[in-house]
Amino acid sequence: MNKPIDFQIQARDGAARAGLLKTRRAEVETPVFMPVGTAGTVKGIRFEELESPDLDAKIILGNTYHLWLRPGINVIKACGGLHKFIGWDRAILTDSGGFQVFSLAEIRKINEEGVEFRSHIDGAMCFLSPEISMEVQTALGAEISMAFDECLPGEAPYEDAKRSMELTARWAKRSKEAFQNPTNLSLSNNADDTSALPRQALFGIVQGGSHLDLRRESLERTVEIDFDGYAIGGLSVGEENTVMFEVIEDLAPRLPADKQRYLMGVGTPEDLIAAIARGVDMFDCVLPTRNGRNGQAFTSRGKVNIKNARYIKDTRPPDEACACAVCKRHSRAFIRHLYLAGEMLASILLTHHNLAFFLDTMRHVRQAIRSGQFTKFQREFTERLSSGWE
């Protein structure tokens, strides 16, 4: 495969698309949900479980900001790149670090060159720019990298959103130039070997807040640069769901039809289904792992808060419609006991189940699109989610 990735749409049902994304390490069926591996690990679950038939995740997300700050790119370089460092031989997408800089760090200065900020770990002064982000992501060696962007709150005022969108567009151009023509390969796995660079794809990110005209302008300017795929960023960051879907519904049909469409940081099962109905292909979100650690199971009939007293003697599995290893073996009563006792196994079991539910939902979505039954699937899925458990 000469291109870093190859994407083919295999079926359509309305705006929903089912396809195949080929990378050098994995073939990924879409629509796809990517478990989030923030610091090189998907919290609460071993890679053997992610690779098992129960979950069979083909691609995970790695976080440039966190890995850059700790353990540091030189450590990952010395260990042979991110895949070898963490022991994962399937596909990885790395984000640019932009969202984390603006959400976690104490920002000192933002200008045309980049962002100066204090690390959330030790307060050290750091600087991140499009060029540094591309250099770090090249060293990490993921199959898909993301352009460096600025991410504002969803309800940012128009003038702030316009300024940010224009800066993101300029940073996108610099990201592409740095990605294609690296001038400093000191962080790469082999500074004398640039042959690995075309094996990485680069996605652009559309910003503009909740303002549709800014979103359209951002899309046009980003598409002009010609990326391998396109992401919709800056959603699910405080705005109402109705606003998020207005943006997606307006943008998705305007994105190049032959490229991947990635909705960053979203979301709940119902959000994923609604976005797929509008033409989105890729998703990532911390909800299945974070909520699992906090005692919540996602199920076919809505969320189950396992710490509730109603489950003290409940011998049912977390989800009676789920065939994952956790639901085959353990009861709500047992998992509740583990959670209240402070046993780490509670988080491990709920994380496994939640990821199984998200990934299995995507499998059912793909089947429904291929069989021309997606509208029926969406209606029945959302009705079950709102029905609750007795």
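Helices (H or I, at least four residues) and strands (E, at least two) are DSSP runs, numbered from the N terminus. The model is predicted: local features need pLDDT of at least 70, side-chain atom pairs count only at pLDDT 80 or more, and totals for chains, interfaces and linings use all residues. Residues are numbered from 1 along each chain as its sequence is written, and side-chain values use heavy atoms, with hydrogens and water left out.

1. His-83 belongs to helix α4, which spans residues 82–86. Its relative accessibility is 6%, so His-83 counts as buried. The classes are buried for under 20% relative accessible area, exposed for over 50%, and partly exposed in between (1.4 Å probe, protein chains only).

2. The side chain of His-83 has two partners to check. One is the side chain of Glu-143, in a polar contact at 3.0 Å; another is the backbone oxygen of Arg-90, reached at 3.1 Å. A polar contact is a pair of N or O atoms within 3.5 Å; within protein, one must be able to donate a hydrogen and the other to accept it, and residues adjacent in sequence count only if both atoms are side-chain atoms.

3. Leaving aside residues up to four places away in sequence, His-83 touches Arg-25, Trp-88, Arg-90, Ala-91, Ile-92, Gly-141, Ala-142 and Glu-143. Contact here means heavy atoms within 4.5 Å.

4. Most residues other than glycine have a negative phi, and most peptide bonds are trans. The bond from Thr-30 to Pro-31 is cis, with omega near 5°. Pro-31 sits in the loop between β3 (27–30) and β4 (32–37). The bond from Val-266 to Gly-267 is also cis, with omega near 0°, and Gly-267 is in the loop between β13 (260–263) and α10 (269–276).

5. Two aspartates have positive phi. For Asp-56 the value is about 55°; this residue lies in the loop between α1 (47–51) and β5 (59–63) and is partly exposed at 27% relative accessibility. For Asp-226 phi is near 70°. Asp-226 is in the loop between α8 (212–225) and β12 (229–232), and its relative accessible area of 45% makes it partly exposed.

6. Helix α9 (residues 241–251) packs on α10 at an angle of about 25°, with the axes 10 Å apart. Axes are lines fitted to C-alpha atoms, for helices over the stretch in contact, and angles run from 0 to 180 degrees between N-to-C directions. The two helices are therefore roughly parallel; angles under 35 degrees count as such, over 145 as roughly antiparallel, 65 to 115 as roughly perpendicular and the rest as oblique. The contact involves Asn-241, Met-244, Phe-245 and Ile-248 of α9 with Asp-271, Ala-274 and Ala-275 of α10. By class, these are 5 nonpolar, 1 polar and 1 charged residues. Ala, Val, Leu, Ile, Met, Phe, Trp, Tyr, Cys and Pro count as nonpolar, Asp, Glu, Lys and Arg as charged, and the others, Gly among them, as polar.

7. α10 also packs on helix α14 (residues 344–370), at an angle of about 25° and with the axes 11 Å apart. That makes α10 roughly parallel to α14. From α10 the contact uses Pro-269, Leu-272, Ile-273 and Ile-276, and from α14 Phe-357, Phe-358, Thr-361, Met-362, Val-365 and Ile-369. These divide into 9 nonpolar, 1 polar and no charged residues.
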